[in-house]
Every structure is written in structure tokens, then in C-alpha cells.
Amino acid sequence: METISILLAAGFSAPKGYPVGNTLNESLTKLDTSEISFSPDGRLTVSIDGKKPDFGYKTSYEVEFEFCLELIKHYNKKKGNFDYEEFYDYLLEEAVNDKEAESLATGYIKDKDYSQIIFALRNIYNQLVAHFLKDGIGANWYDNEPYQIGNTYTGYTGFLKYLKHIGETKIVNIHTLNHDLFFESLNKTDFLSGELCDGFEELGSQYYGTLSTDNRSYNCRLQHYTGNYSKKYRLFKLHGSLDYCVYYRNEGISLVAENYIKSRYGIGVSNILKEVKDKNGILSYERCFVNYHADFLTGTTSKIKRYEEPLLYNKLFDIFKANLKNADKLIIVGYGAKDSEVNKMIVDNFDFKNKKTFIVDPYAGDTVEKFAKEINAKIIKKQLESLALTDFD
């Protein structure tokens, strides 16, 4: 079958109420310690009553959280502005040599040296970013929503009608740079009708997560990455997802990354198990203790370095490039064209001289306009709700 490639970015989720970059930047710079805490096992926690969780003492992770907020203020003042992805690059590459930041850390360091606390902040900061990835009503999981019947979806009707139309005759490869779970929720609509797959499967999985509810615990089978894409709508989350984590197996004193797993609501990523057999063939569960947060890519330069990781991201980007080469049409939605490596992949692999390219962006700025000229793309300055089938002719 013929294929169409679609690339989605932050602007796609914006009509659902998800924050775009500037909104996320503002939320992080205004964050304080009044509501958020970190549990003794390192997980971000927020009480359902809106009050700050109290564990009876200040955990080491809470201290690191406080210093992270101090470092955000320092970075904002030093740079003159705050960008949440550039700050992550700073954490990985510059902060350890920042003498001003080191002096600020004096009151936060007890049993760790400065380089150790900077390394620890990665887990804290990633959880803070994930905390703000919610839609307009504060939701970020959608597996409890009913199937939606009908031919409208507020904010997205025109685009979804187009997806349904092209899905009747073509394979639709949807590549997204977003971490949120919104697009997956569209599988339970009459537009996609359960025909969405993402390379993860539950059948045959040896991986489980512990679900605790009402003082009870259950081990629930989780999906693992198989790379099997068999349906007509195929989703590739190039920058990871809020429900992705890595299972690390034990090999002596070492931990080896084995496979990517999808967690479930109420399980998180800290309680992942694998069903294993000992030398006598007796089944048991092996626990992975090293995950604190979901695995998604952030940063400007640091995330590009992870594009070559063989366990998942290198596979996804190889598929992305192959899909671009084979696509009869390319549609880009809500993308600011600021990822230099993604731009290069598009330029090098899609035949934009002989095939049609479209960029959907009602507020296209100079960067998008420049990229559109480079790939000979038509810019459609319309909202996703009001798109028509003829816009992509």
C-alpha cells in the first residue's frame, strides 16, 4: 500500500490544552516547594488535597528538589531567559563547572559532593518536566475514557477526518516528538477505530508492574517493545513517552539495558518486574530498581546524542528515515523546526522535489517559513479543527 508520513510536535497537542514551550518555561520558573514533594524512594508526589505531602522528615530528594529550583533561578538570571530544554543541556554539560552554582549548593550538600548532586538533579528535573505535561483539565492518562462515537472531536475534527479518509487506502505513519499520551487516546474514536499500533505488545511479555490499590497489590502484565507494526495507523514516538521505561537485567554486579516497557496508570516506572526461571526451571520475579522517571528525551543537543541508542531510539529513527523515503506525501503539524537533526533527516530522506510537503501552522514564524522554503512545503495557516480534505491536495 502507498504510505503517508506525518510529523507531529508540541503544536499538535496545544488545542487539547497541553503546554507549549513558553508555557512550560514559565511554569518551571514560577515553581516553588509549597505543593510538590519527593518521596523517600525518589518519586515526585502531590497530595490529592493539594497540600504538600509530609513524610515526617525532609528526604534527600526533597533537598535536591530545593536546590534544583535554586539552580533554575540562577540559570535564568545568568542567561537572561529560561528554556527548559537548554537548561537540561546545562545540567548535563555545564553546571558541574559553574563555580557560582557550586557556591549556591553549599547549603544543600551533606553526604554528597557537588558533582554528585548535579548528577542527581537529572532525575529530579525530568520528573518536574513530566509533572507539567497535562492537558487543559489536568489529565495526562486517558485509558479510563470511553470510546467516542461520532464525526467530531473539538479542536481536531478537520485533521481527524483527513486521517480517517487517507487511512481507507494508505498506511499512515505518524511520527511524534511529543511525550504525552493524547494521540494514543484517539484510538478510541470513530476516526481511528482501534487501528493504531505503536510497536509495543502485551501478548508474550515477561514484564509486569506492581499496582497498589486499597491496601492491595497486584502484578499486571505490561507491554514490551517488539517493533511489530501491523495496523494502518502506526505511531512512532521519536522522543520517548510518559509511559516508557527501560528494564535493566542483572548480570553479576552489572545492570544491562534489556528492553523498553510501557507502564500503566497507577503503576509508574519504579515497580517493574520480569518473570524469570532459575537453573531448576522455577519461575520467579526479578525486580528492576533503577527507574525513577519515564524515559523521554529533552535538551537541545543532549537528546540528539541519544538518537543513536540501539535499544529503541536508533530503531525508531531508522524507521523514520525509511518512512520518509517511501512516503508519497509528508505532513508536518505544530513543529517549530528547531531540531536540527530532525530537519536534516527530512531534507536527506524525503523527496520534496517531486512529492508534496505540507506544514500545518496557523502562527508560522520565521524559522518555520525558512524551513518550509528549504523543503518546498506549502504552509497551511489553519487550525486543526478547520482543516479540509482539499487542503492536502
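**View 1. K262 is a buried residue, with a relative accessible area of 10%.** Buried denotes a relative accessible area under 20%, exposed over 50%, and partly exposed the range in between, calculated with a 1.4 Å probe on protein chains only. The model is predicted, and local features require pLDDT of at least 70, side-chain atom pairs count only at pLDDT 80 or more, and totals for chains, interfaces and linings use all residues. Residues are numbered from 1 along each chain as its sequence is written, and side-chain values use heavy atoms, with hydrogens and water left out. K262 forms a salt bridge with D198, in which the closest N and O atoms are 2.7 Å apart; a salt bridge requires a side-chain nitrogen of Lys or Arg within 4 Å of a carboxyl oxygen of Asp or Glu. The two residues come from distant parts of the chain, 64 residues apart: K262 belongs to strand 12 (residues 254-262), and D198 to the loop between strand 5 (196-197) and strand 6 (199-201). D198 is likewise buried, at a relative accessible area of 9%.

**View 2. A salt bridge joins the side chains of E2 and K170, at 2.4 Å from N to O.** This pair spans 168 residues, from E2 in the segment before strand 1 (3-8) to K170 in the loop between helix 7 (157-167) and strand 4 (171-176). Helices (H or I, at least four residues) and strands (E, at least two) are DSSP runs numbered from the N terminus. E2 is partly exposed, at 44% relative accessible area, whereas K170 is buried, at 18%.

**View 3. K305 and E93 meet in a salt bridge with their closest N and O atoms 3.4 Å apart.** K305 lies in helix 9 (residues 302-305) and E93 in helix 4 (residues 84-93), so that the bridge links distant parts of the chain, 212 residues apart. K305 is exposed, with a relative accessible area of 58%, and E93 is partly exposed, at 35%. The whole structure contains 22 salt bridges.

**View 4. Helix 3 (residues 60-79) crosses helix 6 (residues 114-131) at roughly 85°, their axes coming within 9 Å.** Helix 3 is therefore roughly perpendicular to helix 6, a class that covers angles of 65 to 115 degrees. Contact, meaning heavy atoms within 4.5 Å, involves Y61, E64, F65, F67, C68, L71 and I72 of helix 3, which meet Y114, I117, I118, A120, L121, I124, Y125 and L128 of helix 6. By class, this contact comprises 14 nonpolar residues, no polar residues and one charged residue. Ala, Val, Leu, Ile, Met, Phe, Trp, Tyr, Cys and Pro count as nonpolar, Asp, Glu, Lys and Arg as charged, and the others, Gly among them, as polar.

**View 5. Helix 7 is largely enclosed by the rest of the structure, because eight of its 11 residues are buried.** The buried positions in helix 7 are T157, G158, F159, L160, Y162, L163, I166 and G167. Their cover includes strand 1, helix 1 (10-13), strand 4, helix 8 (182-185), strand 10 (233-237) and strand 15 (329-333). Across the protein, buried residues make up 48% of the 393 residues.

Definitions and conventions: Axes are lines fitted to C-alpha atoms, for helices over the stretch in contact, and angles run from 0 to 180 degrees between N-to-C directions. Angles under 35 degrees count as roughly parallel, over 145 as roughly antiparallel, 65 to 115 as roughly perpendicular and the rest as oblique.
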